[in-house]
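Open the structure in your viewer and keep the sequence panel at hand. The stops below say what to select and what is there.

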Amino acid sequence: MRLKFLFAMIALFLPALMQASAEAADADIVSTSKVREGNIVQVGASRIRLGGIDAPSVDQLCLDSKGERWACGIAARDELIKHADNKTWTCHIRQAVDRQATDRRRSVARCEVDGEDIQKWMVRNGWALSYVRFSHDYDDDEKAAREAKVGLWQGAFIAPWDWRVRNKKTAILGATKPPETANAILLASASGSVAPSPDCTIKGNVNHAGECIYHKPTSRWYAKIEMKISKGTRWFCSVEEAEAAGCRETRR
């Protein structure tokens, strides 16, 4: 009897729950933003990954048109900040939970800034790639950026999705003919022993419990944190950036 009652309740409420879930996935968020990375923003209280594109992480390195190393991930983030930060964003949620993120509070959305498709702007200006694994919406914009040799395309780089998994067989993209050592350089990280920028001096590391901890230059253990990719370390440019990445401040 109880089982029949349970099935009846499920049948009664399931359509409403499914509709609510669909409405949540299609919900719009309208607010000002704080840019965290080239494809990660906080719009109001919502953490969002820009759908359909992939941008370099802030600790990814590229080669410029002269073959010199530069922090292209920081550049991509800063260009998005200059173009759209603190403006009113309208984001259309496409996936309530970003399954690629460790932070389950992050959603995937397509966003507009003053009516402009911001993903399209990032790809067409060479600061992000069309994320062909999930979408081909921005393929033409990527082709235009590649032909114009703008943004990342001016030099040499590897696709952000290959950089994150350190794919040694990845193709090197861009207009510059890379040196023989390019693969090792491009697979490296701004998490090396030297900060990628004078403005990025907060150290992040992973403790024995698997937590990400950040250390400001004034913290007690700052000098003792050895920055090595193999140890899961990373440089941050601000406390907000560290916390957006899921790190907490050291308690000592």
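Start by selecting Cys 247, which counts as buried because its relative accessibility is 7%, under the 20% cut-off. Keep in mind that this is a predicted model.

**The disulfide at Cys 247**

Cys 212 and Cys 247 form a disulfide, with 1.9 Å between their sulfur atoms. This pair links distant parts of the chain, 35 residues apart: Cys 212 belongs to strand S12, while Cys 247 sits in the loop between helix H7 (239–244) and S14. The torsion about their S-S bond is about 65°, so this disulfide is right-handed. Is Cys 212 buried or partly exposed? Cys 212 counts as partly exposed, at 21% relative accessibility.

**The sheet around S12**

Colour the strands next. An open sheet of 4 strands has the order S13-S11-S12-S14, with mixed pairing. Its edge strands are S13 (234–236) and S14 (248–249), each of which pairs on one side only. Select S11 (residues 202–206) together with S12 (residues 212–215): the two pair in the antiparallel sense over 4 bridges. To see one of these positions, pick Gly 204, whose bridge partner in S12 is Tyr 214. Strands of a sheet pair through backbone hydrogen bonds, either parallel or antiparallel.

**Two hairpins**

Move to S1 (residues 28–37) and S2 (residues 40–43), which run antiparallel and are joined by 4 bridges. A hairpin through 2 residues connects S1 to S2. Select Lys 34 and look across to S2, where Gln 42 stands opposite.

Which residue of S3 stands opposite Val 43? Ser 46 does. S2 and S3 form a hairpin with 2 residues between them, and in its turn Gly 44 has a positive phi of about 65°.

**The other disulfides**

How many disulfides does a search of the whole structure find? The search finds 3. Select Cys 62 and Cys 72, which are joined by a disulfide with an S to S distance of 2.0 Å. Cys 62 lies in strand S5 (residues 62–63) and Cys 72 in helix H2 (residues 72–84), so the pair ties together parts that are 10 residues apart in sequence. The link of Cys 62 and Cys 72 is right-handed, with 65° about the S-S bond. Cys 62 is buried, at a relative accessible area of 1%, and Cys 72 is buried at 0%.

Then select Cys 91 and Cys 111, another disulfide, at 2.1 Å from S to S. Cys 91 is in strand S7 (residues 88–95) and Cys 111 in strand S8 (residues 106–113), so this pair links distant parts of the chain, 20 residues apart. The link of Cys 91 and Cys 111 is right-handed, with 115° about the S-S bond. Both Cys 91 and Cys 111 are buried.

**The whole protein**

Finish by showing everything. The secondary structure comes to 7 helices and 14 strands. Of the 252 residues, 43% count as buried. The protein exposes about 13,900 Å², of which carbon and sulfur atoms supply 53%. Among contacts between residues at least 6 apart in sequence, 59% join residues at least 24 apart.

Notes
Residues numbered from 1 in each chain as written. Predicted model: local features only at pLDDT ≥ 70, side-chain atom pairs only at ≥ 80, totals over all residues. Heavy atoms only, no water. Pairing = 2+ DSSP bridges. Buried < 20%, exposed > 50% of the residue type's maximum accessible area, 1.4 Å probe, protein only. Contact = heavy atoms within 4.5 Å. Areas by Shrake-Rupley, 256 points an atom, 1.4 Å probe, with all protein chains shown as cover. Disulfide = S-S within 2.5 Å.
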